[in-house]
Structures are given as C-alpha cells and as structure tokens.
Amino acid sequence: GACVQALAGIAAMAGHSSTAEVSSQSEAMAPLLPLLIAAHDLSRVASHKNLAGNEVFEVSGKWHYAMVFPRVIKEKDKKVSAKTLESMLGDMFADDMVDDWQVEGEPVWWSKVKAEGCMMSELTDKVLRKVVDILQGTRCGFDIGWMVSVDEDEIILLIKLEKEVTITKLADRMDLSMRTTINSYHFVGLKCLKTRPTLGKQLGITNTEPEDMPVYLEYMENWKESFEKMKHEALDKQGDYKALKALVQSERYPVPVILMIREEMDTAKSHGKTQEYQEYKALFNEANALEEQYNQVNEEITRIKDGEHKFEARMKRWAEFKLDDLRKAALYEDFLEVDILRMIDDRMSRVINIGAMKEHGLLTSYFPLHTPSALEPLKERWASLKPWGILQWPGGQHNRKVRDYFGEEVAFFFTWMNRLNLRLILPSAFSLIFLLRWQLLTLAHARILEVAFSLSMCCWLAHFTASYVQFSNNQSLKWGMNVFSKNVRDLPGWTPEAEDTVKVSFIRAMHWVVVFLFIAEAGCFAACDSTFRASIERAHHEHQHDAQGQGTNSAPEASHPRIFGMISKYSVTINIKLSVFLWGILSPKFASMECRRTEQEKKNSQVLKNFVVMSFVYYYPFIYLAFVMPYVEGCVPVGRNMDKIFESNSCIESVKSNLLLTFIIHLGTVVGMMCFELAKKWWAERSERQTLEKSGRSSNKYTDVEDESKRQAFEGDTPYYLELMIQLGLVAMFSSILPSVAVIALVSNLIEVRVIAWKLIQICRRPAPVGQEGIGAWVYVMQFLCCLSAVTSVGLVIFVKEPCKSEWGLADFYKCTMFIVAEHLMLIVVVFVASLTPPISGHTTLIMRQHTIARAKLLGSVRRHIDVQKGTIGPFASDQSVSEGGWEEFPSVFVPPELVPRTLTLTAGIQS
C-alpha cells in the first residue's frame, strides 16, 4: 500500500492524468515496485494518430533503447528446475556477475532455487530486477525508465545515456572513431579537403555542397585533454613579444604563433607603431621559415627569392585562418545520436547476452527508439511516396542524414541503389531510341545496333561496378569506415578452437549441401515444366489433327492449351518466390551455427550462398528459354511481316514476357508485403483494444514506445540486395532481347527505393546502427555478373539472334568456335573497361595523404596514458565501473609520447 501511494505521488508530480491509471499499473507492477520506484516515471505529454488510426501518446524524455519483458500469467506459469535455471542464468550473465549475485545479492533465494528450482514468473521477476540493477549501476551508468504495456502483459524498460562523464568514458573504452573538427585542422595549419561536386550539383538539379573530409581518430580522453591543454598554452602568450619569440624558437605550436604574430603586426600597423610592426614582421618571417622547413610542402613560397614578395605570399597563405577559430577549436566533433546508440549497444553486449535472454523467453525484444525530431526531415523528401518524391534526382543529397540516423549499413544500401538508378538513366535513354531501330535503319544496320547495344550493356555494368567500388572507398573514408574492420568485436562464442572443430566444419559443409539441393530442385522443376509444355503442344496437335475436332486425345490440356500454357508460364515465377521464401528460413539457421568471427564475415558467407542459390533459381529458366528450348522443344516463328524484318520466335517472346513479369511481381511483392505488415499491425492493435474494452481497461493509454514494439524488426539489407542484384544481371544479360528492360528496372527501382525508405520509418523498428565498410561481398557478386553478362550476351548474338543463328548456315562446330573466341575477347574488354576506373581515385588519394599528415600533426604533441589492463579485459569485465563522479581508474603507467619525425615527405605516394 505504501508503494502504491508513493507511485501515485510521483505520478501526480509528473503530471499523470489520473490516480486510477497509476493504480492499474501499480497492480501490474506490484512485484517490482520496491525496485522500480526509484526509476523515472513517464508522463504522456502529446498524442497523434498512428498508421492504424489509433491514438498514440508520446513518452516524455529522449530515450534511446527499449527492452520489452513478458509478464508470465498464472495459467501459463511453469516450474524451472535448478539445473535448467543455473544454465539459463549462466548464458545470460557473466560468471562473475552470477557469483556476486549468489554471494552478495540474494544468497537466501539462491540457496532455495538450487535445491528446489523456481517458477517461471519468479525467474522473470528476478532477471528484470538484475537487469535494472546492472544498467543503472556502476557498470553502465544508464538512466532507466519503465512503463507497463496497455494490456499489462509486458513491462518495458527504457534506456538513455545522457550523462556527459559516462558518455566520454564509454567512448574512450570502446575506441569509438570520431570525426575531427575543421578548426583543429586550422590549429595545425591545414586546410581540410572537400569532396568533389556531385553530378546533380554540376547540373544544377540539387543544391548539395561538397563536404569536408577530416580524419577520424579513436576517441581518447587523454588526447582530447592534451589538445585542450596545448591550445591554451599556445594562445595564452598573445601580446607578449618575448613569449612569442620564445615559442618561435622552440618550434612549438607554429600555426597559433604565426596567427598571433600576424594579429599583433596588424594592430601595430593600424596604430602607426612602425618599429613594433617591423619587429613582428621579422618574427613572422622567422616563424614561417621554420614552419616551411618543418613541413617541406610549401615549395612555391621557398622558391621565391625576393623578401617582400615572399612576405606577401605568406600573408596570402594565412589569410583564410582566423585566430578566433583556433580559440574555439576542439579535437573531436560533438557526439551524434548514432554514436550514443553504438555506445549503449556495445556496453549492453559486454554485460548482458541479449540473444540468450530472447532464446530463453525472458526478453521479447530489444531495439533502439525512433527520434521524431530527426525523422521529420527524412519524411519530407527521402521517404516520400508522393510523385515528386518518387521522381526526385537519385543523388546523394540524403546520404549524410541517413547515415547519421540509421548507421552505415543502411546508408551504404541506399547509396548503392541511388548510384544504380543514376547509372540506369543513360542506358534507359538509349533503349528508348533502340526501340525505333526497325523504322529508322535497314535490316543490316539494325542487327549491328542490336549487337552493339547488347555488348555495350556488359561494358556499362563493368564500368558501374568499378565506379561504385571507387565511390564506396570514398564514402568509407568520409564516414570513418576505412578502419572499421580493425576495431570490430568478435561475436559471442567465437574462439579459434571452436572454428576448427569437426562440428563447425560439418555444419558449413551441410550449408553448401542445402545450396546444391535448392539448385537441383530448380533444375528438376524447369525440366518438368519443359516436359509439361511439350506434352501440351503434342496433345493440342493431336486434338487438331482430326478434321471434325474429335481427336483421340481427350485430355483437358489438349482442348485448352492456352490455359495450361498460362499455368506453365506462371508456375516458374511461383516456384522462384517459394524457393526464395524457403531459403530465407533455412539459410539463416545454418549461418547462425557456422561460428564466424565477426558479423561481417557471417554476413559475407551467407551472401555468397544466397546468391549462388537465387541466381540459379532466377537465371536458369531464362537461359533455358533462350538457349536450350529451341533445340529441345523447338520454337515457332512469330511476329514476322512480309519483309521478314521482325526476327522473333516463341522462345524469345517467352523470355520477354517472363522478364516483364519478374519485375512486376518483384515490385508487387515489395509493396504487398509492406501492406501486409501494416494490416497485421492494425489487426493486432484492434484485437488488443477489443480485449481492453471487454476487461474494462479502455482508459489505458497507448504510447509511441509500445507502438514501436509492435512493429516488425528490420530484416537487414541482404534480401533487398539479392533481388536487386538478380535484376541487375537480367538487365545486363537480356537487354538485346527486351531493350526496354533498362527503363522497366529504372522505374521499378525509383518506386522501390522510396517504398523501402517509407517502410523503414513507418513500419519497421529502428535498426541498430551497424558499421560497415562498403557493401561487402556484393562487390564480388557484381564482378561475377559482369563476366556472366559478357558470356550470355555473346551467346545470344551467336546462337539466338540472326544472322549467325541460321541465315549464314554455320555448322554447330563453327558456332561453338566463334562463341569461345568471342566470349574470351568480350571478357578481356570487360576487364579492360573495369580497369579504367581505379579503386581509389586521385582525389581520394590526396585526402588519404592529408589524413596521414593531419593525424601526425594533431597527435604529435598529445600524451597518452595506456591502460595496462585494457587489452586483457573480456566482454563481461567486472572491474569496469562508472559512477556520478567518474570511472574507477585502473592502475596506469605513463608512456612518453612517440616523437613524430621532424621531416614529413610525400614522394611517389609513399609516406615516410
């Protein structure tokens, strides 16, 4: 009763709507009140309608993560044995935490459960208590809030990280890569290079300005403090000629000293103090001479012989640098919300095994929360389904916002899709012109154009692949992901010994066995479909053979060949979608047991297997129709006029119709699944509302946090990449058969990219920000598609298209010889086109060189304290603690700073 009254008092002070609501929640939280009464209570301050039409109240405060715990009802409660309980807790928490829990936490309870076990409801209560204790304790230092779901069957813990001391310590512990400031560049005399203007900016379509490209450094408190100390030591000497002269001679802080001398020189000149001006001018030249000798990069100035001209050149060099900017200089930029989410996720993974808690049924979900204020700019244009939103220029105007909100994994997917759409514009324009070839050109010239267009699409794909690799490397450098693989943590449970076991090798082998089983199924289905179509044709001819229409074959397919032919055609597409669905269930289960070291390795392994299966499932029917069916079943000439210009047959027409159908069904599936998830969420909320009304609890309020918990989790970028890569291969391989396939792909992609963006914001939970360097193994998939498209395009020219097919009367031997020679030559051309675009552009190389110089200059005078324990701390370190006053420091030793070479030379791309 005292707890209920206390909770009611807190709610009243927080502006809660009524005591009745508090009492309702208090009863649900009765077992947890002694613990959670100290947590923050939540007030509902505003409301809006969600997509399902229900009123949703916004939770006050900026919360970062949510953990949803189920409440076990009495009817479904069950006994947990002592052995099972000990195993479950050992999976979810570190051994030292469990030991402390037994000795210092609740020894009486542990003695009881070790002997008798406990009920599941009691275990859920104890685990929730322990989680709250850990998160708001000295190990994490998070702020914790709580709420009960509207139907009181779940308890939602809210997590936020806002204490500055905790943020800085967590960032230091995880070596978070942070972007340096432009003013810090000015402090060491560097002008930060920018990205090149985008194509949209050059054409005047977008207003995206070139972005600065400063270096990323690991976040170290000692580095930050040393930089601040260095800045104050340098700038405190202003106005003191002797102190400035001493600093010049000591060669410390050359840039701030030069700017202070310039300011004193300007002041003396404005006041007419000629002698003082000349003294400062001489000191200015002396400081510049030392600085130029130190850098050895100002050769243009050093070559000037005349003293006055050299002085003017130096004044011009430092004209853009302002002393006020140096006074405001900081080593690192401010933390972004995506950085805060990474810190929380990293710390949580070190103290609690989220996956084990979900597996044992003690945690329903764990996810980052959306931030309404940051979502609004993305909703307006990036995720707009309005016509002008769909038809917006597919450039990089949203890249920075998407990366800062969702992280690099999602951002790289959208950059790849936008680059693909941008590159599809040119072949789409040519394909529209290509459709008029029969009206504008002679037969011979039209055939030459067909061959040129088909082979040029292979070169287009090779150039797109190489150019995206270059673009991706530039983006990785801009987002600090070029060193991501060095700092990534190992997955839980991975050890070198576990990776080499027979069990893991067997699982990986079985994964490949499943791959080949899916391939065999696709081949068998295509063969059966081919036999079925042949039987339809044969039965139909037998049926028509009798002049009276009463053939001996009375099978249904004999009298209705069109209906059964339609069934055959659609069955191929249905089989593809079913294979994709089944593979999406089985493959992740095998991948989770393969014991990969990092998440990226696990993802790359699955990507390659996914593509092997899906490429065969998708491409085999098309290759069969184009190359095998004419020889096995035969093709009927169609669409020929009197001059025999329209060269086509039933096989080619089948390829065309299936290509068009593939794109339409894919886009329909994306939109349909989005509508299905929306309808499922609406139905769940409707059922929940009806249950509340029947139980007399309709006054309970539905919060935006609970609304997000009902959403589906983001399935990752792999399914989207897979479908789009398959379509990209179809565009490159069969564009000569259906020239408009590039236009179809462009229109489909422009719609799909907005649908996926809208789904991420409106239907899915916010995905955890995952770092990623580029698009991973998908680069190898694109390179494989380049080779496959080259071989397929040459095969179409020789075996499918006229005149090589039949008009020249070539024997099969000569056709095969031509094919082998031509496809080798085409592969050479593809490799040559790809080699024209280097993986790293010259501009990116200049930025990388400047990053090397900036890192050396920024850290040249920084002293770093090295924690002797840091390299040996495991993911569940018990002695890492944080409190209001700061972290408990480990015993540290002082290591003298490494001396930066006094000469920094850049020669032939080698930094020495």
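User: How many aromatic pairs does the count come to?

Analyst: In this predicted model, the count comes to 32 aromatic pairs. One of them is formed by Phe413 and Phe414.

User: What makes the pair of Phe413 and Phe414 edge-to-face or stacked?

Analyst: A pair of aromatic rings is described by the distance of the centres and the angle of the planes. For Phe413 and Phe414 the centres are 5.2 Å apart and the planes stand at 80 degrees to each other. Because rings pair when their centres lie within 6.5 Å, and planes over 60 degrees apart count as edge-to-face, Phe413 and Phe414 are an edge-to-face pair.

User: How do you know whether Phe413 and Phe414 are buried or exposed?

Analyst: The word buried is kept for a relative accessible area under 20%. Phe413 has a relative accessibility of 3% and therefore counts as buried, and Phe414, with a relative accessible area of 3%, is buried as well. Both residues also belong to a cluster linked by ring pairs, which includes Trp382, Tyr405, Phe406 and Trp416.

User: Which residues touch the most other members of the largest nonpolar core?

Analyst: That core has 103 residues, and among those that touch the most other members are Trp382, Phe406, Phe414 and Trp416. Leaving out residues up to four places away in sequence, Trp382 touches residues including His398, Phe406, Phe414, Arg754 and Ile761. A second, separate core of 96 residues includes Leu176, Tyr185, Phe311 and Ala356. In soluble globular proteins, nonpolar side chains tend to be buried together.

User: What is the order of the strands in the open sheet, and which strands stand at the edges?

Analyst: The sheet has 4 strands in the order S6-S7-S3-S10, with antiparallel pairing. Strand S6 (143-148) and strand S10 (365-368) stand at the edges because each has a single partner strand, which leaves one side of each without a neighbour in the sheet. Neighbouring strands are turned by 20 degrees against each other on average, direction ignored.

User: How do you know that S6 and S7 pair?

Analyst: Two strands pair if there are at least two bridges between them, and 6 bridges join S6 to strand S7 (residues 154-160), so the two are paired, running antiparallel. Asp143 has Lys160 in S7 as its bridge partner, while Met147 stands opposite Ile156. S6 and S7 form a hairpin with 5 residues between them, and Glu152 in the turn has a positive phi of about 60 degrees.

User: Why is S6 called largely enclosed by the rest of the structure?

Analyst: S6 is described this way because 6 of its 6 residues are buried. Asp143, Gly145 and Met147 point one way from S6, whereas Ile144, Trp146 and Val148 point the other way.

User: Is Ser587 buried or exposed, and which residues is Ser587 in contact with?

Analyst: Ser587, which is found in helix H30 (residues 561-592), has a relative accessible area of 1% and is therefore buried. Leaving aside neighbours within four places in sequence, Ser587 is in contact with His511, Gln606 and Asn610.

Methods:
Residues numbered from 1 in each chain as written. Predicted model: local features only at pLDDT ≥ 70, side-chain atom pairs only at ≥ 80, totals over all residues. Heavy atoms only, no water. Axes fitted to C-alpha atoms, helices over the stretch in contact; angles between N-to-C directions. Core = buried A, V, L, I, M, F, W, Y, C linked by side-chain atoms within 4.5 Å. Buried < 20%, exposed > 50% of the residue type's maximum accessible area, 1.4 Å probe, protein only. Contact = heavy atoms within 4.5 Å. Phe/Tyr/Trp six-rings, centres within 6.5 Å; stacked < 30°, edge-to-face > 60°.
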